[in-house]
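This report describes selected local features of one protein model. The sequence and structure are shown first, and the description follows.

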Amino acid sequence: MELCTCAARSSAPPSSSCRAAPFPRVLSHRIWSRSGYCTVCFTPSSPVARSRFSTLMTTAHNTGTPDLVDFNWDDLGFQLIPTDFMYLMSCSSDGVFMNGKLVPYGSIELNPAAAVLNYGQGLLEGLRSHRKEDGSILLFRPHENARRMEIGADRLCMPAPSVEQFLEAVKLTVLANKHWVPPFGKGSLYIRPQLIGSGAMLGVAPAPQYTFIVFVCPVGHYFKGGLAPISLLTEEEYHRAAPGGTGDIKTIGNYASVVSAQRRSKEKGHSDVLYLDPLHNKFVEEVSSCNIFMVKDNIISTPLLTGTILPGITRRSVIEISQNLGFQVEERLITIDELLGADEVFCTGTAVVLSPVGSITYRGRRVEYGKNQEAGVVSQQLYAALTAIQKGLTEDSMGWTLQLT
């Protein structure tokens, strides 16, 4: 390991002899800057620091069950909790990613002219890892996230890590932070891979450099109240995506555009926003960050992927699980009137998993589903089947999970 000679145990800038700083450089960190590490490149610069780093990395790859951090796991929600390590890998305009590495979790440095800051050239993914009852850790369908990032990168003229590089980065990051994976039944470790145009430029064009980042965070339920049915407000003024746009990839711009409508819905007491199609304003598309399903006469239906809807990995998983359980599943255009007349409605996504919908409000009319604001029978059945696979409670006949330890 190359050691730097810049100032350690302080917030002083590195000396000119510091040669170990990766791109992007990691900035000051609350723990590491007090523990004998360079505050810019975080290379251990003393025998004590080198020993600690070696111990941490040995623990990260140890196949035994690690000690959990001291944390009140019962209070987990869906908010950022900084963990210990993140993963960085970069490439230049040749499109070849290499020299990926784990570094302490912290800020990164970007040029003000970076393409991601000026033109939104960026993608994100989301997946989860769960701890099984025996303490081992499972990933759920990570290959699908890697492939979806490749598709999104192609749309935005970005090079992407290979599937193998993506998986290796995710595995290393989870293992390095595995004492942050919540105990069985207490939540999961949310994994956020990002691909950004980090190179500086002025004109609108592909960036000269790209950075792939993976960080993780322990999480509980996305919506307050856990599995209690959520309330949706139908949006008619704004639209999430348009034909020929980028609604079917996980570009960062798709999410900033929903914040205004989402905030207004929450001010009115709703959980989230339901979007309609931009051409006719009557066909159901999706919720701010998740797909939507309806159940009518025991038939499960979900909007057809027409280029404006994200092809969710949880969406596809629920479709396949439903078919295996004997349900008839339809992917088709669904009008808002049909949805209002459904027996059950639920949302799916990596963050929300499967959330039952208790009510939808459309043009001032509120329609409620289920009795006493409880999840419907089909929703409960599908949620149980999906999470049993994710948590390793049942045999994974689908081949979806990847065991790390």
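## Strand pairing

Two strands are said to pair if DSSP finds at least two bridges between them. In this predicted model, strand 4 (residues 127-131) and strand 5 run antiparallel and are joined by three bridges. Five residues separate the two strands in their hairpin, where Gly135 adopts a positive phi near 95 degrees.

Strand 5 also pairs with strand 17 (residues 401-403), again in the antiparallel sense and over three bridges. Here Leu138 has Gln403 of strand 17 as its bridge partner.

## The two faces of strand 5

In a regular strand, side chains alternate between the two faces of the sheet. Strand 5 (residues 137-140) is covered on both faces: Ile137 and Leu139 are buried on one side, and Leu138 and Phe140 are buried on the other.

## Lys250

The unreviewed UniProt entry places the feature "modified residue: N6-(pyridoxal phosphate)lysine" at Lys250. This residue lies in the loop between strand 8 (230-235) and helix 5 (253-256). Lys250 counts as buried because its relative accessibility is 12%, and the cut-off for buried is under 20%. Beyond four places away in sequence, Lys250 touches Gly122, Leu123, Leu124, Glu125, Gly126, Arg148, Tyr255 and Leu310.

## Helix 9

Helix 9 (residues 377-390) comprises 14 residues and reaches 20 Å from its first C-alpha to its last, close to the 20 Å expected. Its buried residues include Val378, Leu382, Tyr383, Leu386 and Ile389. Gly392, with a positive phi near 75 degrees, follows helix 9.

Technical notes. Residues are numbered from 1 along each chain as its sequence is written. This is a predicted model: local features need pLDDT of at least 70, side-chain atom pairs count only at pLDDT 80 or more; totals for chains, interfaces and linings use all residues. Side-chain values use heavy atoms; hydrogens and water are left out. Helices (H or I, at least four residues) and strands (E, at least two) are DSSP runs, numbered from the N terminus. The expected span of a helix is 1.5 Å times one less than its number of residues. Buried means under 20% relative accessible area, exposed over 50%, partly exposed in between (1.4 Å probe, protein chains only). UniProt positions are given in the numbering used here, feature names are shortened, and annotations may be inferred rather than shown by experiment. Contact means heavy atoms within 4.5 Å.
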